[in-house]
Amino acid sequence: MKYYIIAGEASGDLHGSNLMKALQKEDGNADFRFWGGDLMQAVGGTLVKHYKERSFMGFAEVILNLRKILGLIKFCKDDIDDFKPDVIIFIDNSGFNLRIAKWAKEQGYRTHYYISPQVWASRAGRVEKIKRDIDAMYVILPFEKEFYNKYDYNVNFVGHPLIDAIADRNQVDEHSFRKDHKLSDKPIIALLPGSRKQEITKMLGVMLSLVDDFPDYQFVIAGAPSQDFSFYKPFIKQDNVAFISNKTYDLLSVSTAALVTSGTATLETALFKVPQVVCYKANAISYQIAKRIITLKFISLVNLIMDREVVTELIQGDLNKKRLKKELNRILDEDHRIQFFIDYYDLEKKLGGKGASEKAAKLIFESCK
């Protein structure tokens, strides 16, 4: 069959690539055309647009780039019509995907959604549009199925694909990793400032402000695959800071603690059993808008899934050197670290076992063949 897949960001590229591999097992003649990134391209098929071309963070940034976004939406519709897929698979990226889904459903295309838009966080009224425009939804967080049930929409909980991505990776030899990247023997504090330029600019400076206060540790920046080192270089002013690009999982596997920008990375860090502080600072206008429409108690996936505070969240004004230093000291304290490990194991149980990509691929293939 012909599959048209639309993913955005590095995480969408990762999950999209694993879904494509699983679909190939179900359908030996699978023909892929997709919006994604390097990982999806490595699986095979035709890459239409790289996610780097449409990485906009926050309400203000979307408004400033509205003309470009509208042009991409029109281009996508035309490209789908040219390809005439058997099914369109949307992966997260709701702002773009839900607009395409409405049009696609009207044109008679099969519409499947893998990794739900976060309608449970804000604007729950969008559920009615999803019910109208999406033939099948595959969710990866345990509370999402219950949420959709309240709106009489039956969705499929397939488990979280990060469990597969982490379990299937090659184990890292710490000694070789440190040697290859010219790291010292000091314990590592990983810095995960996000993947977009806007969020890296907001987060990395305050993260690096702690370096001189923790001389017994080495700080290592996890470089996003979407950004070159030249973008990070101006932020690095101390000797005790290293930079490693596109090796976040390897880095987390050898880290003692982490400072993490809110997003999928908070869950990845937890699954590697690394104590963390969650950081978030947005454009002031975007933050004020978000405050008025987001109805959640927490912003990190770890706390949302556990429905209680497992990791400290420093948001907007609270993300400053004084507070961050206090919280970093806390997660380096052995007494506090034990509780992290207990909570993280409970979190993993809630997410279900391995096989999310395979379960989703089988359901998609069976419903469309």
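Is Asp79 buried or exposed? At 8% relative accessibility, Asp79 counts as buried. The model behind this value is predicted. The report starts with the whole chain and then returns to single residues.

## Overall build

The protein holds 18 helices and 13 strands. Its radius of gyration is 21 Å, close to the 21 Å that the globule rule gives for 369 residues, so the protein is as compact as a globular protein of that length. The C-alpha trace spans about 60 × 45 × 40 Å along the principal axes.

Contacts reach across the sequence. Take those in the protein with a separation of 6 or more: residues 24 or more positions apart account for 66% of them.

## Surface and charge

Of the 369 residues, 53% count as buried. The protein exposes about 16800 Å². Carbon and sulfur atoms supply 49% of that area.

The chain carries 53 positive and 48 negative charges.

## Asp79 in helix 4

Asp79 is found in helix 4, which covers residues 66-83. Its relative accessibility is 8%, under the 20% cut-off, so Asp79 is classed as buried.

Which residues does Asp79 touch, leaving aside those up to four places away in sequence? They are Tyr4, Arg33 and Val48. With Tyr4 there is also a polar contact: the two side chains are joined at 2.7 Å.

Two residues in one loop have positive phi values. Asp92 is found between strand 4 (87-91) and helix 5 (94-106). Asn93 lies in the loop between strand 4 and helix 5 as well.

Phi of Asp92 is near 50 degrees, a positive value in a residue other than glycine. Asn93 has a positive phi of about 50 degrees, and Asn93 is not a glycine either. Most residues other than glycine have a negative phi.

How accessible are these two residues? Asp92 has a relative accessible area of 25%, so Asp92 is partly exposed. Asn93 has a relative accessible area of 21% and is also partly exposed.

## Glu106 in helix 5

Glu106 belongs to helix 5, the helix that runs over 94-106. At 54% relative accessibility, Glu106 counts as exposed.

A polar contact of 2.9 Å joins the side chain of Glu106 to that of Lys102. Where does Glu106 stand relative to Asp133? The two are 27 residues apart in sequence. In space, their C-alpha atoms are 8.1 Å apart.

## Ile338 in helix 17

Ile338 lies in helix 17, residues 334-350. Its relative accessibility is 51%, so Ile338 counts as exposed.

What separates Ile338 from Glu366? Along the chain, the answer is 28 residues. Between their C-alpha atoms, the answer is 44 Å.

## Side by side

The two C-alpha pairs can be set next to each other. Glu106 and Asp133 are 27 residues apart in sequence, with 8.1 Å between C-alpha atoms. Ile338 and Glu366 are 28 residues apart along the chain, with 44 Å between C-alpha atoms.

The burial classes can be listed in the same way:

- Asp79: buried, at 8%.
- Asp92: partly exposed, at 25%.
- Ile338: exposed, at 51%.
- Glu106: exposed, at 54%.

Note on methods
Residues numbered from 1 in each chain as written. Predicted model: local features only at pLDDT ≥ 70, side-chain atom pairs only at ≥ 80, totals over all residues. Heavy atoms only, no water. Helix = DSSP H or I, 4+ residues; strand = E, 2+ residues; numbered from the N terminus. Rg over C-alpha atoms; globule rule 2.2 N^0.38 Å. Buried < 20%, exposed > 50% of the residue type's maximum accessible area, 1.4 Å probe, protein only. Contact = heavy atoms within 4.5 Å. Areas by Shrake-Rupley, 256 points an atom, 1.4 Å probe, with all protein chains shown as cover. Lys, Arg positive; Asp, Glu negative; His and termini not counted. Charge placed at Lys NZ, Arg CZ, Asp CG, Glu CD. Polar contact = N/O pair within 3.5 Å; in protein donor to acceptor, adjacent residues only side chain to side chain.
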